[in-house]
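Subject: Model for you to look over

Hello,

Here is the structure we talked about. Please open it alongside these notes.

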Amino acid sequence: MPVFQYRAFDRSGNDAAGILVADNPRSARDQLRAEGLVVSTLDQKSVGRSTSSWRLRAGGAQFRWTEAAYELATLLAGGVPLLKALDVVAQQSTGVFRRTLLEIRDRVAAGVGFAEALSEFPDVFDELSIRLVEVGENSGNLEQSLDRLAEFKMRWHQLRDRVIGAMVYPVFVLTFGVAATLFLMTFVMPPLLENLQETLTSLPWPTRVVQFGSEVLLNHGLIAVLVGVILAIAGGAALRSAKMRYLLDWALLRLPIFGALRTKQSLSRMALILSTLLESGLPLANALDLASRSMGNRVLNEALRSCRESLLAGGGLAESLSQSNVIPPLAVQVFSVGQESGRLEELLTRLANDYDRQVQSTTDRLASVLEPVLILVLAAMIGFVLLAIILPILEAGNVAM
């Protein structure tokens, strides 16, 4: 159905604007009159590919898609047709996501498949969503596929939020401490020393240390910022190279504590994706291909690609994964036992749950250790600066007496 953008005013003279779906302009005006609105302008919005500018602003709509998948699954399970379900979910949405759903609804009404319509908006719907919807359409179990998709995305968002949430307080403490130290060294220390040096022949050594740092910041701070910007730009350009990205991802996996945390977080995502795809009826080789493209780490991505190639060549999953040297023995054993017993999706779900618990436990312990350590380090750093400020003041007082 066509999409119309309108401007109108009610009987009190208040302005109103919005978007609605109607068969034609006359039907759209009738709908607005029924709501007590007097139409001033009514324009039909194009629903073709010319709306790519919407897609550039659609990043935030990805989070809304998880909720919408649950709602669509519920409506479809209750016997509501797909077109009507899309209308209902669109009415509860706003902004870019609402317009995207209306465009998708129009594509489906014109005979385009739901998965194909989703693929036209890659900024909102990732490939995992598209493939699961495609499997659901082909098998006639679209509501189950949407339900599994929503559950996967919800679990992944929760895992990611737990990791980020555990790091918020330490990062805040570190940022505040560094900002306070820079403020003392650049705004408080220079005028104070200028007055004290007229009274004192020599400054205490802590004061000289802080004075040196203050002079470096004041005289060369702009150069340091420029160098930092240049290095950041050069680093960003280097990371565009596939080889450099691979080396960086390899180094991240080798970091103490954080490397194991990153590995478990990525493997939890991989296990969830594979179990979701396998439960939806996707062949294992296709599931491995899609899971590899969904991995954020190129080393793990390469390990899954090699595993898929080995599987297509008639090899086993466990042997290929063990040769990668990045997949933990537990995960290798799960793949081996799961493939032999025919319970791979069930064991992958258990593996994902286990890694979720390990990631949560590690991040909690890490946060509990980092917080006091950071507080002690920042207290020592700020205390040293304050000591460097107080000592010459006390000495100047003694000289005056």
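First, a definition: axes are lines fitted to C-alpha atoms, for helices over the stretch in contact, and angles run from 0 to 180 degrees between N-to-C directions. Helices (H or I, at least four residues) are DSSP runs, numbered from the N terminus.

This is a predicted model, with pLDDT of at least 70 needed for local features and 80 or more for side-chain atom pairs, while totals for chains, interfaces and linings use all residues. Residues are numbered from 1 along each chain as its sequence is written, and side-chain values use heavy atoms, without hydrogens or water.

Helix packing

α12 (residues 284-294) packs on α13 at about 165 degrees, axes 8 Å apart. That makes the pair roughly antiparallel (over 145 degrees). Contact (heavy atoms within 4.5 Å) involves L284, L288 and S292 of α12, among others, and residues of α13 including L304, C307 and L311.

α10 (residues 242-253) also meets α13 (residues 298-312): the axes come within 7 Å and cross at roughly 100 degrees. So α10 is roughly perpendicular to α13 (65 to 115 degrees). Among the contact residues are Y246 and W250 of α10, with V299 and L300 of α13.

Confidence

pLDDT is the predictor's confidence in each residue, from 0 to 100. The protein chain averages 79, and 91% of the residues score at least 70. By element, mean pLDDT is lowest in α2 (residues 52-56), at 37, and highest in α6 (residues 114-119), at 88. Over residues 46-59 pLDDT stays under 50; the model has 25 contacts beyond four places in sequence for them.

Best wishes

Notes:
Helix = DSSP H or I, 4+ residues; strand = E, 2+ residues; numbered from the N terminus. Parallel < 35°, antiparallel > 145°, perpendicular 65-115°, else oblique.
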